[in-house]
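Welcome to this guided tour!

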Amino acid sequence: MKKLTKRNCYQFLSIIIFSGAILAVFTQNIFFGYALIFLGYYLLRKTDLEA
């Protein structure tokens, strides 16, 4: 089994956040959806800095 690193945790969390953002936009929660998109983008950028 692969060792779970901080970088992998950020990537997994950002995937979950982006999935929630897509669901929020489809259910007409536009503001909440965009807030999740920005949070997911921030986590992806943080992942790049961990490399």
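Start by selecting threonine 47. If you set aside its neighbours within four places in sequence, threonine 47 is in contact with Arg7, Tyr10 and Gln11, where contact means heavy atoms within 4.5 Å. Threonine 47 is found in helix 2; helices (H or I, at least four residues) and strands (E, at least two) are DSSP runs, numbered from the N terminus. Threonine 47 counts as buried because its relative accessibility is 2%. Here buried means under 20% relative accessible area, exposed means over 50%, and partly exposed lies in between (1.4 Å probe, protein chains only).

Before you move on, a word about what you are looking at. This is a predicted model, in which local features need pLDDT of at least 70 and side-chain atom pairs count only at pLDDT 80 or more, while totals for chains, interfaces and linings use all residues. Residues are numbered from 1 along each chain as its sequence is written, and side-chain values use heavy atoms, with hydrogens and water left out.

**The whole protein**

Now zoom out and show the protein as a cartoon.

Switch to a surface view next. The protein exposes about 4300 Å², and carbon and sulfur atoms supply 71% of that area; accessible areas come from the Shrake-Rupley method with a 1.4 Å probe, and for residues only the protein chains shown count as cover. Of the 51 residues, 20% count as buried.

**Along helix 1**

Select serine 14, which is found in helix 1. Is serine 14 buried or exposed? Serine 14 counts as buried, because its relative accessibility is 1%. Look at where its side chain points: it reaches the backbone oxygen of glutamine 11 at 2.8 Å. Leaving aside neighbours within four places in sequence, serine 14 is in contact with Gly40, Leu43 and Leu44.

Next, pick isoleucine 16, also in helix 1. At 43% relative accessibility, isoleucine 16 counts as partly exposed. Draw a distance from its C-alpha atom to that of leucine 36, 20 residues apart along the chain, and you will find a separation of 9.9 Å.

Serine 19 lies in helix 1 too, and it is partly exposed, with a relative accessible area of 45%. Between serine 19 and leucine 39, which are 20 residues apart in sequence, the C-alpha distance is 12 Å.

**Into the loop**

Select glutamine 28, in the loop between helix 1 and helix 2. Glutamine 28 counts as exposed, at 61% relative accessibility. What is the phi of glutamine 28? Phi is near 70°, a positive value in a residue other than glycine. For background, most residues other than glycine have a negative phi.

**Along helix 2**

Click on isoleucine 37, in helix 2 (residues 30-50). With 31% relative accessibility, isoleucine 37 counts as partly exposed.

Leucine 39 has its place in helix 2 and counts as partly exposed, at 40% relative accessibility. Its C-alpha atom is separated by 13 Å from that of phenylalanine 12, 27 residues apart along the chain.

**Last stop**

Finish with leucine 4, in the segment before helix 1 (6-26). Leucine 4 counts as exposed, at 65% relative accessibility. The C-alpha atoms of leucine 4 and leucine 49, 45 residues apart along the chain, are separated by 17 Å.

Methods. Polar contact = N/O pair within 3.5 Å; in protein donor to acceptor, adjacent residues only side chain to side chain.
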